[in-house]
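Biologist: Please show me the model. I would like to go through it with you by question and answer.

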Amino acid sequence: MSRLLSRIGAFSAAHRLVVAGAWFVLTVVLTVVTISGAKFSDAEFSISGAESTTALATMKKAFPEADPDAGELMLVVEAPDGTSLTRPADRELVAGLVSRATGVPDVRSATDPYAEDRPYVSKDGSVAVSTLTVALEADQAVVEKDLREAAAPLTDQGYRVELGGSLEDGPPEIAGVTEIIGVVVAFVVLLLTFGSLAAAGANMLTALSGVVVGVLGILAWSATGEGIQSTTLIIAVMLGLAVGIDYALLILSRFRDELRRGAGVDAAVARACGTAGTSVVVAGTTVVIALTGLAIVRIAFITEMGPARHWP
């Protein structure tokens, strides 16, 4: 193993542009596949036999969804100061708005805020809410535009009409504030550890490049199935950054040690890959085996995390 990795390191050092070009091509290919076919699963998280799963199943049975193939938007009406939506004139205005809302394309139904069995009016009468059932394939921006036009007779008289909710969750946020802060802190620690901007930057660049290719690989892989859970992707990014920085640090430290001993750059790369690289392969293989073991629990979204995490 050590000899093989040393040869790979020597080849990479001697053919830098070829290796960098191969990584670039791989990134481009995975990006194209991701853009054209990446899918996110909207399946619910469930654990067979768990009390929470049983409770949710009971609730769905007792309170079935009105239309599982549709989304919901909230149409909120707020009365001007000093008035109440419980007055007959105001009720008529709200009823007219609800009626016009049901005539908007892709709006399948709208609830009556004044319904006796399920009223949705605040105690002081200042706010009334109608729940709209909207087709999932509808363009939310267009629907909201039509609803605001339907609400014009009220807004012109000083009533405030707002829309809430979303028809779809959209793609998950991969690089959020938490991940960015983590990367910045890690870079500062590397800078203090190495005392060199170039060394810290090389370590971080290596880790980030591996994570980027890994995430793109996961998204490209999702195109072949029913989609991937958002939590799987987020966990893959977190673990990828953690082990990527750790493994890159190990190899880079050995590379710098070889340079101090007088070895040339190419020879230092080969020796670092053959020695520290062997440790990385063993550690990485152990992680792969451990994460593959998640399949034993027989919970779909947890099992999915194992193969997804292997990409980085």
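**Contacts, burial and helix packing**

Modeller: Leaving out residues up to four places away in sequence, Ser 166 touches Glu 72, Leu 73 and Gln 140; contact means heavy atoms within 4.5 Å. This is a predicted model, in which local features need pLDDT of at least 70 and side-chain atom pairs count only at pLDDT 80 or more, while totals for chains, interfaces and linings use all residues. Residues are numbered from 1 along each chain as its sequence is written, and side-chain values use heavy atoms, with hydrogens and water left out.

Biologist: Where does Ser 166 lie?

Modeller: Ser 166 is partly exposed, with a relative accessible area of 43%. Buried means under 20% relative accessible area, exposed over 50%, and partly exposed in between, with a 1.4 Å probe and protein chains only. Ser 166 sits 9.7 Å from Leu 136, C-alpha to C-alpha, and 30 residues from Leu 136 in sequence. The place of Ser 166 is the loop between strand S4 (160-164) and helix H7 (177-194).

Biologist: Is Leu 73 buried or exposed?

Modeller: Leu 73 belongs to strand S1 (residues 70-78). Helices (H or I, at least four residues) and strands (E, at least two) are DSSP runs, numbered from the N terminus. The relative accessible area of Leu 73 is 0%, so Leu 73 is buried.

Biologist: How far apart are the C-alpha atoms of Thr 206 and Ala 248?

Modeller: Thr 206 is in helix H8. Thr 206 has 46% relative accessibility, so it counts as partly exposed. Thr 206 and Ala 248 are 42 residues apart along the chain, and their C-alpha atoms are separated by 6.6 Å.

Biologist: What is the phi of Asp 106?

Modeller: Asp 106 is in the loop between helix H4 (88-102) and strand S2 (107-110). Its relative accessible area is 40%, so Asp 106 is partly exposed. Asp 106 is not a glycine, yet it has a positive phi of about 75°.

Biologist: At what angle do H1 and H10 pack?

Modeller: Axes are lines fitted to C-alpha atoms, for helices over the stretch in contact, and angles run from 0 to 180 degrees between N-to-C directions. The axes of H1 (residues 2-14) and H10 (residues 265-292) are 7 Å apart, and the angle is about 140°.

Biologist: Why is H1 called oblique to H10?

Modeller: Angles under 35 degrees count as roughly parallel, over 145 as roughly antiparallel, 65 to 115 as roughly perpendicular and the rest as oblique. H1 and H10 pack at about 140°. That makes H1 oblique to H10.

Biologist: Which hand does the crossing of H2 and H8 have?

Modeller: H2 (residues 16-37) and H8 (residues 197-222) pack at about 35°, with axes 8 Å apart. A crossing is left-handed if the near helix is turned anticlockwise from the far one by less than a right angle, and right-handed if clockwise. H2 and H8 cross in the left-handed sense.

Biologist: How many residues in the contact of H2 with H8 are charged?

Modeller: The H2 side includes Trp 23 and Leu 26, and the H8 side includes Val 213 and Leu 216. Ala, Val, Leu, Ile, Met, Phe, Trp, Tyr, Cys and Pro count as nonpolar, Asp, Glu, Lys and Arg as charged, and the others, Gly among them, as polar. The contact of H2 with H8 has eight nonpolar residues, four polar and no charged.
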